[in-house]
Amino acid sequence: MGSWKAFVLIRLVRLALVLAGVAVVAFLLAKLSPVDPIDAYLGPDIARVGPEQRALIAQKWGMDQPAGVQFAKWFSSILTGDLGWSVTYNASVADVISERFRSSIVLMGLAWLFSGIIGFSLGIWAGANPGRWSDRIIRLYAYVLAATPTFWIAILLLIVFSVGLRWTPVCCAAPIGVLPEDVTLLQRLHHLLLPLAALSILGIAQIALHTRVKMIEIMQSDFVLYARAQGGTTLDIVLRHGVRNAALPAITVLFASLGELFGGSILAETVFSYPGLGSATIEAGLRGDVPLLLAITLMTTLFVSIGNTIADVLYHVADPRISSASETWREVSQ
Amino acid sequence: MTVVFEKPPETPSLERVRPVIVAMGIAVLLLVAILLAASLTGMSGLASDFQMRLQPPSWQHPFGTDMFGRDVLARTIKGLALSFRVGFLAAGISVVIATCLAIAAASGSRIADGIVSFFIDMTMGLPHLVLLILISFALGGGAAAVVIAVAVTHWPRLTRILRAEILQVRNADYVAVSRNFGRSRWFIARHHILPHLVPQMIVGFVLLFPHAILHEAGLTFLGFGLEPGKPAIGILLSESMRYLMAGKWWLGLFPGLLLLVAVLCFDVIGNGLRALTDPRGGRS
């Protein structure tokens with residue numbers, strides 16, 4: 001049990017180191033950018049601001065100091081919980097992120113859940129009947145979908161369901177012109193439908209491919225042969241042996257794919273103008289809103305790294321012989 | 001005494017190789033189309049023709065025309081050429097980075113190994129797209145920024161595989177024999193270890209290539225990639241967004257479809273190559 005605690009502790013230390021490393025790299029990248037933060041802050045007012053005022057702004061923000069000092073100040077204020085001020089949204093970064101995160105987490109959480117449940121079921125089905133027609137169709141679906149750009153799927157959904165059939169709204173998280181407190185749950189779900197579909201379709205493909213491979217392995221194992229010899233039906237074997245053994249790898253993959261989930265949500269939110277964390281990332285990047293961009297970077301790193309850490313721990317649980325996530329070629333292609 | 005019968009390794013039968021051959025055929029077609037497009041559609045396809053604005057697909061313009069009357073097929077192929085160039089460079093640089101870091105990690109120094117594994121954790125801990133946006137933001141956008149951003153985000157998995165490969169080969173008997181013959185580390189690295197990495201590097205390159213293309217298109221679509229004037233697939237699709245509501249579906253459908261076909265082809269080829277090089281038979 002002692003080694004078990006040590007294992008988790010080491011993972012947590014690594015997590016903290018990764019966060020610190022990402023903070024340094026992200027800060028350096030933001031410094032490197034040709035976009036001048038004062039210009040970005042002033043926007044169209046730039047013509048009315050003289051050099052003296054610029055110098056004053058620079059002094060107030062501590063921009064006249066060396067980069068090392070700036071980094072130390074920024075990093076220590078982050079540690080105390082002060083994320084800074086977002087020029088784009090004219091609100092504190094913490095407020096922007098918490099508000100955006102609330103609408104994004106619904107989207108990402110549901111997509112995560114759906115891709116897990118549906119992908120796992122499809123993978124089990126395909127893996128239990130390898131070579132059959134159902135397996136071929138599921139495999140074809142998964143292969144094609146794994147190679148499809150998320151934003152193109154989103155555009156296709158938009159063309160078919162919003163423009164062609166007019167079943168779903170074209171954009172946003174709520175009807176235009178309705179006060180936020182008047183929006184009903186049904187309207188929210190209606191607006192969530194397409195982004196959710198776009199995001200889930202890809203996740204499903206990945207989980208299905210992984211589970212299928214695992215399931216084929218399980219169905220060829222000795223204990224399944226033994227169960228068959230005892231007279232178990234295929235359905236029996238799949239439910240009692242297959243699902244149980246394939247579940248942990250699938251959950252592990254789910255946790256390891258949080259980064260892709262967030263990347264997908266950036267693209268899907270952009271296509272559907274869904275006001276989530278993803279579209280805030282894009283705005284921050286395009287307008288040179290450095291505090292917001294850095295805060296989002298750190299937050300998503302925390303989010304994804306925790307997912308990776310959980311996946312690593314689960315790998316350890318699933319197979320104590322593996323010291324860390326197993327490297328297979330399958331993962332190169334993701 | 002026990003006799004162990006080893007199951008003969010699965011030979012790549014025609015059934016298994018067929019998709020790869022089909023994919024190669026399509027890939028060659030695409031490459032030919034790109035090369036031909038450079039000379040054929042050079043002017044006529046991309047010229048604006050306001051009489052032919054936003055025409056639906058027809059025999060004359062199989063993919064329809066865009067808001068300036070330009071042929072969407074010609075622009076898509078141009079865009080694919082651009083994507084291929086970016087993807088080729090990015091995947092190539094990625095493989096070089098992966099090889100260097102894998103050699104450093106497996107060189108025997110624990111510190112180097114630790115540093116490389118920390119870099120891997122860091123790169124994998126950030127959502128790729130966020131890192132891509134950050135790098136593109138830092139470099140001010142443009143083709144060079146996209147190539148660098150995509151190359152810098154795609155090396156970790158190949159690095160892990162190459163590192164494991166080197167560690168395995170380094171402990172092989174024939175390397176020990178060679179060392180006992182007094183061969184230098186450099187000689188062993190060049191003649192015994194590097195040749196083993198080449199197949200993995202080629203497979204890695206072919207598998208990274210389609211993903212580099214996908215990420216380039218995504219980044220460009222979001223406005224952080226190639227400049228708006230260029231006929232990149234991402235630009236075509238983001239332009240199409242403005243005309244979707246008016247029912248101009250062909251602007252959004254075809255460029256993405258061709259991109260998907262290209263990505264799928266190289267994915268299938270890469271997986272086929274992997275199955276050929278993997279001594280354990282690979283996974284179907």
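Author: α2(B) passes α6(B) in a right-handed crossing. A crossing is right-handed if the near helix is turned clockwise from the far one by less than a right angle, and left-handed if anticlockwise. This is a predicted model, where local features need pLDDT of at least 70, side-chain atom pairs need 80 or more, and totals for chains, interfaces and linings use all residues. Residues are numbered from 1 along each chain as its sequence is written, while chains are lettered from A and ligands numbered from 1 in written order.

Reader: Why are α2(B) and α6(B) called oblique to each other?

Author: Helix α2 (residues 72-105) and helix α6 (residues 156-170) of chain B pack at an angle of about 40°. Their axes lie 8 Å apart. Under 35 degrees counts as roughly parallel, 65 to 115 as roughly perpendicular, over 145 as roughly antiparallel, and the rest as oblique. The pair is therefore oblique.

Reader: Which residues make the contact of α2(B) with α6(B)?

Author: α2(B) brings Val95(B), Ala98(B), Thr99(B), Leu101(B), Ala102(B), Ile103(B) and Ala105(B). α6(B) answers with Leu158(B), Thr159(B), Leu162(B), Arg163(B) and Ile166(B). Contact means that C-beta atoms, placed from the backbone, lie within 7 Å. By class, the residues are nine nonpolar, two polar and one charged. Ala, Val, Leu, Ile, Met, Phe, Trp, Tyr, Cys and Pro count as nonpolar, Asp, Glu, Lys and Arg as charged, and the others, Gly among them, as polar.

Reader: What makes up the domains of chain A?

Author: The domain assignment gives domain 1 (19-82) and domain 2 (93-333). Their contact takes nine residues from domain 1 and eleven from domain 2. On the domain 1 side, α1 (2-32) and α2 (37-42) of chain A give two or more residues each. α1(A) has the largest share, six residues. That side has nine nonpolar, no polar and no charged residues.

Reader: How much of residues 105-128 of chain A is helix or strand?

Author: UniProt, in an unreviewed entry, lists a "transmembrane region" there. In the model the stretch is 100% helix and 0% strand, with end C-alpha atoms 33 Å apart. Residues 189-209 of chain A, also listed by UniProt, are 100% helix and 0% strand, with ends 29 Å apart. Helices are DSSP runs (H or I, at least four residues) and strands likewise (E, at least two).

Reader: How many residues does each chain put into the contact of chain A with chain B?

Author: Chain A gives 44 and chain B gives 49. The largest share of the chain A side, nine residues, comes from α1(A). The chain A side divides into 27 nonpolar, 14 polar and three charged residues.

Conventions. Domain bounds come from an automatic or database domain assignment. Two residues are in contact if their C-beta atoms, placed from the backbone, lie within 7 Å. Axes are lines fitted to C-alpha atoms, for helices over the stretch in contact, and angles run from 0 to 180 degrees between N-to-C directions. UniProt positions are given in the numbering used here, feature names are shortened, and annotations may be inferred rather than shown by experiment.
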